[in-house]
Every structure is written in structure tokens, then in C-alpha cells.
Amino acid sequence: MKRRARVKPVPEEGIAIRAVVLVAVVASAWAALDETATGTVLHAVVLVGLPLGFVFSYVTRRRTGWLLKTLLTFGLLFAFAQFLRAVGQLEGQSVSDVQTPLAELFIWVQLLHAFDVPGRRDLMFSLASSAVLAAIAGVLSVSLGLAPFLVVWAVASVAGLALAHRSALADLPRLDAGLSGTRRRGVDLAWMRPVAATIGAVVFLGAGLFMVVPTAGTARALAFPASLPRLISIPESGGLVNPSLGTASGTTADGPSGGSGRKSFGYFGFAPTLDTSVRGRPDTTLVMRVRASSPDFWRGQTFDHFDGRVWSRTDDTPRPVRSRSPFFFQRVPLDGPRPADTSELVQTYYLEQAGPNVLFAANTPDQLYFSDRTVYQLPDGSLRAGVQLERDATYTVISHRPHATAETLRASAAAAATTPPDITARYAQAGDVPPRVRELAAQITRGAATPYDAVRALEAWMGRNTRYTLDVPKPPRGADAVEQFLFVDRKGFCEQIASSLVVMLRSLGVPTRLAVGYLPGERNPFTGLYEVHADDAHAWAEVYFPGVGWQGFDPTAPVPLAGDAMEAAAGAGALAYLSAHLPAVPSWFAETGVAALFLLAVATVGRVVVRRRARICAARARPWGARQLERFETIGAARGRPRRPSETVPEFADALADPQLDRSASILERELYSGRPVDPEERAEVEATLSELRG
């Protein structure tokens, strides 16, 4: 049996297709490097090595290069060994930790492959590998910095596919060869029409799906992101450290500076105590991004004792939890029994600034993916790291939120007797409350049937009779902060407002505590992440409901109850976000532009449909003989023998040397030139013959 000779692949001669594939590869590789923050060696590989490899492949495209293939094989094995070595050194041992070494491996594969891309198939492999790199960059991306790279990669990829298709068509025999001795001159731009139509359809359908599909990140994954740039231990194990406050503790009324070294984004609530007389708020610095399927308060810590001015914690003893990631936490007594109905909320925090060693989480955190071996749990259930949390630190928290709705919170009043004694003793004792504050709380809630109705009544009264403002004077020395706010100033910011709500509820015997952390922040519809700025630092009241658990309330921040939170579409708020972040583009202009693009897309689709319909109608309107002659000529062209302009139909049939066509040629000759139509039986015979031969 003879062995089939190996066909040598045809080298790709086109420079344009090589150029666009190189652009796609470089764009995707640079995007991955930008997200993985690797060293300068790989950046040099992308900017210098990849172009050199493509140039070398073009110059040597007609050579066999067995020695080169051998060297590249050894290089690939070495790169894979380095990948396995990097994976073996990972601390977290989670799937997400492999993403950066995987991106580096693909970049090295792209570099090695760049020196051996002689043919079109090799270029398509590079293009497919660039799609993997772009996907890795998309998984790691937490900002819009990926968008420019993605646009360049997408345009170059579509152009590369179009040019590859055009190159493949050029290898086929020309159907019009022999019809004319001359080639068509000029640049053939016909290939751009389907490319433009494809891009338009993808953009139109993608934008539509973007506005209706639910947000990502709602399901549990195999592993979650967790990383620390450096492991710098806290001097006091389990203690609270906040470098953004500098040398000040954040608990004194020293003015906006709060002491030397305080950062503009530092919040004095992330300290051992909170002084309500401190003035000065954080600026608009972006402090972190949060990936979550729904908004919530990102709680840092709580306070239970108030002396009329300063909040503190009765018990601040941390309990060390030592484990490998993930950490699992026991429910503390001050959180009460686990509710029967809870929903899981996965949150990943990407820090943009160095801050306190507080691990923020929605209530109540049960699991933590963290890159250290020890974390600390406080008596109130809040979490602290044993190392400093610097910029680029990442951790993931899984919280189980109680299914809190207005109905369930009202129904919990029937189980008031089941409130744990620890919670009642710690959070329901009013303490030294000024008499007129106690009387005001009783007066406002006189018609409230349940603690939930009392909360809402107090919130409504404060919304009508007080005003949120940052421009408020310091209270006089010795004055009670809550009494000063409710009866004198009637204006203040979140610390005064939340403290007043906590104190009044406690005077009614409702277990309440003060919580500090961050508001959800602004959701970026293009990344799906909540962008939390320093001025989102906040204080609010947390109220305990038997059988449900702790629920946050605040008259100044409308965060929905956990049971009422709805999953928004991925593109929800896209126009508002663009209007807010592109001040030069008014909202009406953005809305008009979107409407215009939609109408343009509809008009384009309609035009295509109308033109296609017109072509079909025109084809049907042509005489029967002309349509069958066109089919006749198509059969000849497919056999490599097009009809010459000077040939009659019978001569063309003789040239094809097919007896089945002679009879059809004679019938068509009479139909076209005799002036009399042929019989219906003969027409059916011609159609059947041509259909059989075309099939």
C-alpha cells in the first residue's frame, strides 16, 4: 500500500493579515499584563519579541525549519515547566491563583509561536490564543482600563478573520477565469460589507443583551480572588491599625486634620472609638471596588457604648481564627441564632488605597477567602486581618443575609421574648439618656405597633425635621451630641443622625447598635463592580429583630432590605453612569444618541431586508430561459469550464462533453431565440436535469 505524500502547507503571502493578527495578539497580551501586574521582561516580550517573531516568520515562510521547530519545542516545554513551578509555589492553592501564571504561560506560547507562523492556519491559531488572553484579562479586570485594549483586539480580530476568509477564497479557481483576459483592476472592497454588517449586528445585539441580562457573579464558583501584595504583620495581634489616619487615633475633636499624617481619604470611624464631635469628612478618592450581585452596607465594625459624645466597644477582645483559605466562622452569641431563611451574597473587595486592617463584609460573614493564615473575629462578628491591607489587596467574603422584608420584620415582634439575653443586656439598655430625648422618642412612636414601625416612624420624623449637611458647628463642651442635634442644631451628618436613631430606639427598649463602614457606592454597569469612594464612609443603625437578625437602617442612605434587593440587569444605569462621568455630554444628548443609533440600526436592517426582497422579486421576474441559462453557466463554471462570450448554448454543451446537457441546450436554444416558448413538459425536463447536475 502506497503511503500518501505529505502535502506541504502553502505559506501565507499576505502582509495585511499578518499585521492585523499581530495587532490582536499584542493588544490581548498587553491587556493581560496590565491586569496581572507582571515584570518588565514580559512587557519587552510583547512590545519587541512578538513583532520580531512575526517578521522572522514572514521572511522564512518558505523554509522547512526543522531545527527551529525543535528549538521552539524545547522552549515550550521550559515555559510549561516554569508554569508548573509557579503553580506549585502558590500559597492559596485555589483555582483563582492560577490565573496570573496561566496568562504568563500563554504570552510565552504566543512569543514562541510567533517565530513559526508561515501559513494561514498558524495565524488563525495565534488569533485563537489571543482570544484566550483577552478572556483572562477580562476575568482579572476590575476597571474600564481594559476597554481600549479590548476594542483594538476586537477590531483586529474581525479584520483578521475577514482577511483570512478572503485569502482562502483567493486560493480557489476563479469562476470568471476565461471570460476575459484581463483582471479587475483596483482594490476590491466587497469584503468590507459583510465585515461591517457583522460588527454592527454584534454591537446591536450585544447592547440589547447588555441591557436585559442579569448581573454576573450571582452563583457560587470553585474559588474566589484573594491576594496580598506584601505580608506586613500588625504589631498587636488582632489590634486595629489604620495608616490612613496617621498619628491620630481619629477619636478627638482636633479638627479636619485629625493629627499629622492623616490621608485625605481617612475616616475617623475606623478607629477604636468614634467621637461624634470630630469634624471633617473624607474626600472623593476611590478606596475600593466591590464585586457583588446586589448592594448592601459594607460593614467594618460596630459600637455598643455611648457616653453622650464618644462611641466605644464594651468588649474588643479578638478571637484568632487560624486556617488555610477559605476561613469558616462560627456564629457569635451577639449575632443571635442563625435565621431559618437566608440568602448567600458573595463579595470580592479590590482595595485601591491602603486602609485599616478591617475586613469589610455584608452582615453576616460566614466564609472568607484570604491570603494569610490568621484572621481575627470580634465579639460582634466583625473581622480583622493580622496584616496590613495595602493597595491591590484582594479578598472575598461570603455572607448569609437574613431574608428581611417589612412583613418578616413586623412579624418578628411576636417573638420578642426569644431575644438572647446577651443581646438585650448589651444593646437594649438606654443608659443615661437626656429626658427630652426619651420623651421625643416615645411621642414619635406612640402609634407604632411593632419595633419595625417604630424605626420607620423615627426615620420619617428625622427626614422631616432634620437636615443632612457637612457644614455644622462643633457642639459646646459638655453638651450631649444627640440632644444638641435633635433640639438645637437640627442638622448634621451621618454620625449625629445614626447616633440619634440608636439612642432613641434604645430608650424604647429596642436592641440597637451603631455600625460603621461604607455605603454600597456607585455601580459601574460596564464592569459590574461597585466603586466605593472615601466619602461613602458612613455610620448607620443596626436593629436586632428576633428570628431575623440584625438589619441596617439609616434615614440618609436608602439601601434596600436584604429580602427586597432585586438583581438588576447588567446594563442598568448605563446612561446615567455615562452622563455622570462624561460631563461634556449632557444626559439628553446621550439619550438622543442612543435613540438615533437604535433607529439607524433598525433602518439598516430594514434596508437589507428590502433589498434582499427586491433581488428575489427581480430574479423571479426574469424570463424562464434566462434563469435556466444562468444555472447552465454556473454548472460549467463549477467544472472549471466557464462559457465564453462567443459560444452558443449548444457549443457550450459540446465543450462540457456531458450527454445530459445536450438535450437541455437544444431546448434552451429554442426558448431563447426561436420566438416561441417551449412546452411545459420540456421546461420541467430542463429544470430536473440542471437540478440533478448542480446537486
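Tutor: Helices and strands are DSSP runs, numbered from the N terminus, and in this predicted model the protein has 19 helices and 20 strands.

Student: In which strand does A385 lie?

Tutor: A385 belongs to strand β12, which covers residues 383-385.

Student: Is A385 buried or exposed?

Tutor: Buried means under 20% relative accessible area, and because A385 has a relative accessibility of 1%, it counts as buried. Across the protein, buried residues make up 46% of the 695 residues.

Student: Which residues is A385 in contact with, leaving aside its neighbours within four places in sequence?

Tutor: With those neighbours set aside, A385 is in contact with I234, N357, L359, F370 and Y376. The C-alpha atom of A385 is also separated by 7.2 Å from that of G238, although the two residues are 147 residues apart along the chain. For the protein as a whole, 75% of the contacts with a separation of 6 or more are between residues 24 or more positions apart.

Student: How should I read the packing of two helices, and at what angle do α10 and α11 pack?

Tutor: Two packed helices are described by the angle between their axes and by the distance between those axes. Here helix α10 (residues 435-444) packs against helix α11 (residues 451-465) at about 110°, with the axes 9 Å apart. Angles of 65 to 115 degrees count as roughly perpendicular, and α10 and α11 are therefore roughly perpendicular to each other.

Student: Which residues make the contact between α10 and α11?

Tutor: From α10 come L440, A441 and I444, and from α11 come A457, L458 and W461; by class, this contact has six nonpolar residues, with no polar and no charged ones.

Key
Residues are numbered from 1 along each chain as its sequence is written. This is a predicted model: local features need pLDDT of at least 70, side-chain atom pairs count only at pLDDT 80 or more; totals for chains, interfaces and linings use all residues. Side-chain values use heavy atoms; hydrogens and water are left out. Helices (H or I, at least four residues) and strands (E, at least two) are DSSP runs, numbered from the N terminus. Buried means under 20% relative accessible area, exposed over 50%, partly exposed in between (1.4 Å probe, protein chains only). Contact means heavy atoms within 4.5 Å. Axes are lines fitted to C-alpha atoms, for helices over the stretch in contact, and angles run from 0 to 180 degrees between N-to-C directions. Angles under 35 degrees count as roughly parallel, over 145 as roughly antiparallel, 65 to 115 as roughly perpendicular and the rest as oblique. Ala, Val, Leu, Ile, Met, Phe, Trp, Tyr, Cys and Pro count as nonpolar, Asp, Glu, Lys and Arg as charged, and the others, Gly among them, as polar.
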